[in-house]
Amino acid sequence: MTLYQDYPKFLLAVDCIIFGFNGEHLEVLLVKRGFEPEINKWSLMGGFVRENERPEQAADRVLQQLTGLNDVYMELCGAFGEPNRDYAGRVVSICYFALIDSKKTQEIVSEKYEAQWFPISEFPELIFDHNEMVSKARRSLRMKAALYPILFELLPEKFTIPQIIALYEGVYDTALDKRNFIRKLSTSGLLNKTSEKDKSGSKKGAFYYTLNTEVYKEKIMTFLQYLPSWNMD
């Protein structure tokens, strides 16, 4: 086809900002870049979109290659296309953020990429514009989590109230009024209390809960009323 022959050609890539929660802290999964330019520096996991793929399919493939996980919550969060963003050539990257329970990957994260979890508050300097990508993904996560129950994608099937508090405080980088939060959360019908306890933090322990997804969907706006005014920046 000659219709577009006079237009510039460039590469289309995807980059995945993979957020995890280890029960205490929000984390981001990074890899050591294995080729030039910027070899052996920390990077987001990414790859090029193949001719027969949609960008979201490429992102799913990249995530599966790194973690071995399928059916992961993933969402588009922007595109980065500064002309000189990649020293090797003209590359436009479409970014997605993914949410996983980071404990699921402790044994299956691929050694090929020298992957490592870092606390979201203190990860190393990244290549190219990947720091900007992480910042954009955090803003997108905060805005989406204020409307939908997506943060529960970061929790295991069974979780404790202290873990929920730590998760929300980590995502929004703010302190909750814990007593008020616990009181209203406990009476909301959003959670199913189990008879099991997590005693790793104290002898008394904390009860495990599971999410009542149907009630959560019904009461999402009520839920927002007793969360603080989050910092979306």
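Before reading the pairings, I noted the rule: two strands pair if DSSP finds at least two bridges between them. I also noted that this is a predicted model.

**Entry 1: strand E2 and its partners.** I began with E2 and E3, residues 42-43, which pair in the antiparallel sense over two bridges. Within that pairing, I found Lys32 opposite Trp42 of E3.

Next I checked E1, residues 11-21, and saw an antiparallel pairing with E2 over four bridges. Here Ile18 has Leu29 in E2 as its bridge partner. E1 and E2 make a hairpin with four residues between them, and I jotted down Gly23 in the turn for its positive phi of about 100°.

Then I looked up E7, residues 116-119, which runs antiparallel to E2 and is joined to E2 by four bridges. Glu27 stands opposite Pro119 in E7.

Is E2 buried or exposed? I found that six of the seven residues of E2 (residues 26-32) are buried, so this strand is largely enclosed by the rest of the structure.

**Entry 2: helices H3 and H4.** I moved on to H3 (residues 161-172) and H4 (residues 178-186), which pack at an angle of about 120° with their axes 11 Å apart. That angle makes H3 oblique to H4. The crossing of H3 past H4 is right-handed.

Which residues meet there? On the H3 side I listed Ile161, Ile164, Ile165 and Glu169; on the H4 side, Lys178, Phe181, Ile182 and Leu185. I sorted the residues of this contact into six nonpolar, no polar and two charged.

Methods:
Residues numbered from 1 in each chain as written. Predicted model: local features only at pLDDT ≥ 70, side-chain atom pairs only at ≥ 80, totals over all residues. Heavy atoms only, no water. Axes fitted to C-alpha atoms, helices over the stretch in contact; angles between N-to-C directions. Parallel < 35°, antiparallel > 145°, perpendicular 65-115°, else oblique. Left-handed = near helix turned anticlockwise from the far one by under 90°. Contact = heavy atoms within 4.5 Å. Nonpolar A, V, L, I, M, F, W, Y, C, P; charged D, E, K, R; others polar. Buried < 20%, exposed > 50% of the residue type's maximum accessible area, 1.4 Å probe, protein only.
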